[in-house]
Amino acid sequence: MCSHSQNQKHYPELNHGSGAKWIKGLTQNRLSTFLGGHFQDVNLSSVLYTHRIDGSHHVDLQVWSAPGLTKPSFREAMKQEFKPAKKGDSFGPSWTNHWWKVTLKIPSYWQQYERVQFEFDPGCEAMIFSTDGVPLQGITGGYVGERRVEYIIPPQAVRNGHYSVVVESSCNGMFGVPWDGDTIAPPDMNRYFQLASADLVVPNQDAWHLMWDFTTLREIVDTVPGNTALQNKALVTANKIMNAFKSGDPENVKCMRGIAEDVFGKGWHAKGDKIYNEGPRKAQIVGISYCHIDTAWLWPYSVTQQKTARSWSTQIDLMERYPEHRFVCSQAQQFKWLEEQYPTLFERIKKKVASGQFHLTGGSWVENDGNMPSGEALVRQFLYGQRYFESRFGKRCETAWLPDSFGLTAAYPQLIRDAGMKYFFTQKLSWNNMLERNVFPHSTFNWVGIDGSQVLCHMTPVDTYTAQATVGDVNKGITNHKNLESSASALLVFGNGDGGGGALPKMLENLRRIRATTNEHRELPSVSMGSSVEEFFEDIEEDSKQGKTLPVWKGELYLEFHRGTYTSHGSIKKGNRKCEILLRDVERVATLTSLLKPERHSYVYPKRAIDDCWEKVLLNQFLPGSAIGMVYDDADKLYAEVREVCTGLLEDAFSVLLPRSSPLLSNSTTETLVAFNATSFARHDVIKVPLSRDAARMKAQVIQTSADGKHGYALMHSVGNKILNVLIVFTNGTDHFLTISGGRITSLIDVKLGRELIPKGSSGGLVIFEDRPNYWDAWDVEIHHLETSTPLSFSQVRVIAEGPLRAAVQTQVKYGKSTIDVTISLDAITATMKGNSRSFFNFDAVVDWRERHQFLKFELPLDINNTYATYESQFGFVQRPTHKNTTVDAAKFEVCGHKFADLSEYGYGVAFLSESKYGFSCEGNILRISLLRAATAPDPEQDQGRHEFSWAVMPHVGSFLESDVPIAAFIYNSPLHGQLGFSDNAGHVAPPLPFWLEGAPNVFLETIKRGEDDFEPNASSTTIILRMYEAFGGHGSAKLYIGKNVPVKRAYVTNILEDTKGELGLISTTGVHSTLKLEFRSFEVKTVKLVLETEKFDILDISSTTSSKRSSWVTIDEEL
């Protein structure tokens, strides 16, 4: 017989209950009622605050409104007369700034509470300052996800019973002031905001922590796959909390926090940031806080400056309370603004950088567009960015950082490596709008550029740079990871962004709870905090055996989205291209002048002015074309300033190189025509010169005169390394015929070969497409726009020039409310000096553009067959399909190119040359260049008004690689700098260009400038920087010749930051020149630094230099 212990638990024999079976779905749905909503008076929301008071007795408010759109400093604002204000007052309109003096009287019995806060909600963005002007924290008003309106009053002030702050509120939200609430709508320029809250409050800290507990539990329930142990436990725990909750009972809230420990672990909360020291040694998800601030978008630059201060001061505040908090920050321009406008905050940031909490990243001046800046501009983004970070913080960035650029050129890996970085973070390709088909296949991979250079790239599988640090975000880092077989970790980049803000306390609290959960359970990936982006990459580098086990992606990172930005806002595209080239020319001329100036001349290389211009151009390169109109007003002003300054710098330099000369378009009485060739290519050009009634000698120098007699056409010629062009008489006849019939281009014949280039029955010319994107108006052009073409016809065709130098016809196209005047011309010279070069047809357009949602292009159907077309990119080219074999091919229906697009086959090809346009396409055999768009959001007046631009059609013998297209495009974008001189300068001879290349026609000399270190304090050397690149995709062995007027002591190869990589063997020939032999791989960018013998350099005198063979500044023989 068996006996049982009396202590055995009794299992009842009878059961009259209904059982504990739940209906899981209903229980899960119930969780949404515990916070806010219909039951907010009785659920957890009802106990979040213990006390709330307002009114002038406790909160005294005074306000001063800055006039217009001015943005006074703290010191300026404090000098003004403030007036009484109260909660509920309205202020505006949009973009105005208002300053508040706030005096708080705190009840003495509030000293018993853990925390006292000032809640200030102006419905817009604001900044809280100390009374002596130190920025303390940003405010984001309104009831949005980015909301942060609380400011914690220091405990000592609570004990004192009084506290004062100053608040600057700005009448814009996180995303500007969109007209109808739609983010991309044009701004409402007359919006007013109401001060909804100016209260002293005591938050119930236990209730807030319970709210965060419950939020994490609910996220676990919604994220973790159904019917797992963790999901069920989280649901049971959350349900228990709801059942046990009793409104109005403070001790009850503390008890419910204990219930949450069933998931998070016993005593987890007391561990604080030490919770990350427990659990898995190596986390799968690495959290890093970030605050992406568009340098301008739905707000102007001036507002970005405020956003930067608000956001970064907020993150410093969080670092004091969350020791694990690490904040990564890019864009040197924003640091510079902060340094200039908020110096006390800048000093606080410097301390946080030194302590390892505030991390520098990116290494660039701004988070620039990744398609349209030139190769040299990308170099300068890194040069100016890295040098700024090093000069202010004593360190450079190690990771390139472009999370929001609309595609990335394949030139980047080489430039990133040469800027001292080997890691790269991005994520924008997750936005591909053909995502159902074309999911980018990798998360962590080796990105290999056109030259073969590689960077270790992570494209976060969380698919955002503004993650909210939710359970879903953490889980997605693994479930969406594309290559767990080779790398099982992901970067969680969290914090509110685009409009700034950064991390919120709730995000950091949530991450602690997620880590606590993963310390106890294994159904979620673990998350770590407190490390850097570089440590994340270093772990990947080690685990992947220095990248050997990672997949490889070669070529550009093409974004299948936002293709319309290549064309939107044509004035900005033109300003960018023209200023890039103008700065290149200024640096080249200023360098030569500083080298070759007469003895004892006071000319000084204008480094500061050049830097200032570059910074303006680099700043505007944040703009892809999708901002509000105010932004482009600012950008146009910056470009105008650059043009004005650079024009003056060129005049200053020319006045030294050729005394008493003046610009070609000036009212000078001088009559000798010369021109400066700012390229390194031999060339001949037809230039248009103004003719006055009294300029008899000038008229004698032109070969052709316009019908009205106001302009003449002169032929200029430059050979070898001469820096100036001289007048010659030359013609090569006509090698092409173009026929316009019925308003369309119906024939284009290469006369020499007797080859018709347009298929029979086809025609080319201007064409209009309907342009109605699915949503992102200024950003996108959709593939279906190609189904809506309307060919336009040239009308009123009349001959305006008949040679011998230039033949031209003027045409006009009327469409809708727009007028398009196009002058088509053909010069009696070839595109380049290459032996079989052809002439090109130039199209000069003057457009009065008044359309909406229309897309203007120029197209030519060509009797050429190839599966790909070639487009210039930074320091090289990229080839893209002309077919739609796959959805990846079809997605490239609109692409970015720089100075040319080319369709070639064996033996022949045709290129489009562009001087300011970036959008191209090639559909089968139809080559197109995109000219103008007409979106209405976020700028309702985008591209409306007058435009002037040019493009050219350039036939060529041979395939692209056999052609002179890259050289022709370089020259096409580099107009001569015409000057007028006195005839008595005939005896003045300037030396030739002292740097030239031979032996490798595929290697281009891009940049000549003075070395950056020449202008550092205590600089002891004079250096010249030369930057070259291989342009055709092959090897090259070039000889760099250095003229005898440049006494070189040593030569080095450097990186793009001008750090020495190795010394070069300099071969000197007494009294003639020096030589460097340089080897290039395909598309290699090579930077050479020449160190000059300072003693000789100081005594150079161009006035005493003579050369009968290499004359440059010359007069024209009378018989010409």
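H562 is found in the loop between β22 (552–554) and α15. Helices (H or I, at least four residues) and strands (E, at least two) are DSSP runs, numbered from the N terminus. The model is predicted: local features need pLDDT of at least 70, side-chain atom pairs count only at pLDDT 80 or more, and totals for chains, interfaces and linings use all residues. Residues are numbered from 1 along each chain as its sequence is written, and side-chain values use heavy atoms, with hydrogens and water left out.

**Backbone**

Phi of H562 is near 55°, a positive value in a residue other than glycine. H562 counts as buried, at 1% relative accessibility. Buried means under 20% relative accessible area, exposed over 50%, and partly exposed in between (1.4 Å probe, protein chains only). F1083 also has a positive phi, near 60°. F1083 sits in the loop between β55 (1073–1080) and β56 (1085–1092). Its relative accessible area is 8%, so F1083 is buried.

Two peptide bonds are cis. G803 to P804 has omega near 15°. P804 is in the loop between β34 (795–802) and β35 (806–815). A937 to P938 has omega of about 10°. P938 lies in the loop between β45 (926–932) and β46 (945–957).

**Helices**

The expected span of a helix is 1.5 Å times one less than its number of residues.

| Helix | Residues | Expected span | C-alpha end to end |
|---|---|---|---|
| α7 (residues 301–321) | 21 residues | 30 Å | 31 Å |

α15 is mostly covered, with 24 of its 27 residues buried. In α7, 18 of the 21 residues are buried, so this helix is largely enclosed by the rest of the structure.

Helix α6 (residues 250–264) meets helix α13 (residues 505–520). Their axes come within 8 Å and cross at roughly 55°. Axes are lines fitted to C-alpha atoms, for helices over the stretch in contact, and angles run from 0 to 180 degrees between N-to-C directions. α6 and α13 are therefore oblique to each other. Angles under 35 degrees count as roughly parallel, over 145 as roughly antiparallel, 65 to 115 as roughly perpendicular and the rest as oblique. R257, V263 and F264 of α6 make the contact with R513, A516, T517 and E520 of α13. Contact means heavy atoms within 4.5 Å.

**Rings**

The whole structure holds 61 aromatic pairs. Rings of Phe, Tyr and Trp (its six-membered ring) pair if their centres lie within 6.5 Å; planes under 30 degrees apart count as stacked, over 60 as edge-to-face and the rest as tilted. F440 and F445 have ring centres 5.4 Å apart and planes at 55°, so this pair is tilted. Both F440 and F445 are buried. F970 and F1004 are edge-to-face, at 6.2 Å centre to centre and 90° between the planes. F970 lies in helix α20 (residues 965–972) and F1004 in strand β49 (residues 1003–1010), so the pair ties together parts 34 residues apart in sequence.

Charges also sit over rings. The charged end of R52 is 4.7 Å from the centre of the Y49 ring. K857 lies over the face of F769, 5.1 Å from the ring centre. The test asks for NZ of Lys or CZ of Arg within 6 Å of the ring centre and within 35 degrees of the ring normal.
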